Amino acid sequence: PNGGKSYSSPHLVTIDGVTQVVHMSEAGATGFSPADGKQLWTIAWPGEDRILQPTVTAEGDLLLGASGIDFYMRRIAVTRAATGWKTTVRWESRGLQPNFTDSVIHRGHAYGFTGPRLACIDLRDGTRKWRGAPYTGFSILLADQGLLLVLSEKGELALVEATPARFQELARLRAVNGRSWNHQALAGDILLARNASEMVAYRLPRAGNK
C-alpha cells in the first residue's frame, strides 16, 4: 500500500524465524514477504521524512527511529501467533533523537545521536546512559574491539569506546576536507570516506600491529 514518500531503504531482516523486508514510510513500519510481497504486519506511526533504517536487537525486536518534526526511538516486539502477526511497543525514548543517522547496537545498548551529540541508551528501557561530543555524523561498530568509528559532519573521524559506562573518545583526526553527509564504509582493514569533492582511504592497524 502507498505509505507516502520515504528516504528509508527496504531492509531485509529475520523476525521470529521468518525472513522479511521491513520498510519505513510516512504511514509507519510494515513487514513484507520477499517471496510474494504479501504484507505480514504493520504498525501505524505517522511522520514525515522517514530516513532511518530499522535495527534488529539480539532478542529479535525492532529499534525504529522517527525523524521530521519530532525525534525519538521506539522498541517494537514483532511476534507470530496462530492468528497472525502481532506488534507491541515495548518503550518509547527520547534518549536518542536521531535525524538522518542510523544507530548501532552492541551488548544491550544502542549508540546513535541525540541532536548533534553522540549518545548511548540502554535497550531494556530506553534510558540514556551518556551524551558525548558533538559530531552529527555516522557510526560504524567494530564489535570485536568494542569501538565506534564516527565520521562527523565536519569531516572528522573519531574513535570512541562502545561502552555504557562513560563517553570516551580515544582519537580524532581530519579525514576529509569540508562537510560530509556520506556514510563511511569499511572493507577489511580499509576505511573509505568521502564528501562532495573528495574521497579518501585509510588502512586501519590490525590487532598486534604498532
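Strands are DSSP runs of at least two residues, labelled E and numbered from the N terminus. The model is predicted, so local features need pLDDT of at least 70 and side-chain atom pairs count only at pLDDT 80 or more, while totals for chains, interfaces and linings use all residues. Residues are numbered from 1 along each chain as its sequence is written, and side-chain values use heavy atoms, leaving out hydrogens and water.

Next, show strand E15 (residues 156–161) with E16. They pair in the antiparallel sense over five bridges; two strands pair if DSSP finds at least two bridges between them. Along this pair, leucine 157 stands opposite leucine 173 in E16.

Pick valine 150 here: its bridge partner in E15 is alanine 158. The hairpin of E14 and E15 has three residues between the strands, and glycine 155 takes a positive phi near 90° in this hairpin.

Zoom out to the whole sheet. It is open, has four strands in the order E13-E14-E15-E16, and its pairing is antiparallel. Strand E13 (137–142) and E16 are the edge strands, each pairing on one side only. On average, neighbouring strands of this sheet are turned by 20° against each other, direction ignored (axes are lines fitted to C-alpha atoms, and angles run from 0 to 180 degrees between N-to-C directions).

Is glutamine 184 buried or exposed? Glutamine 184 counts as buried because its relative accessibility is 4%; buried means under 20% relative accessible area, exposed over 50% and partly exposed in between, with a 1.4 Å probe and protein chains only.

Display its neighbours. A polar atom of the glutamine 184 side chain lies 2.9 Å from the backbone oxygen of leucine 149. The side chains of glutamine 184 and histidine 183 are joined by a polar contact of 3.4 Å (N or O atoms within 3.5 Å, one able to donate a hydrogen and the other to accept it; residues adjacent in sequence count only if both atoms are side-chain atoms). Leaving aside residues up to four places away in sequence, glutamine 184 touches residues including Phe138, Ile140, Val150 and Leu192, where contact means heavy atoms within 4.5 Å.
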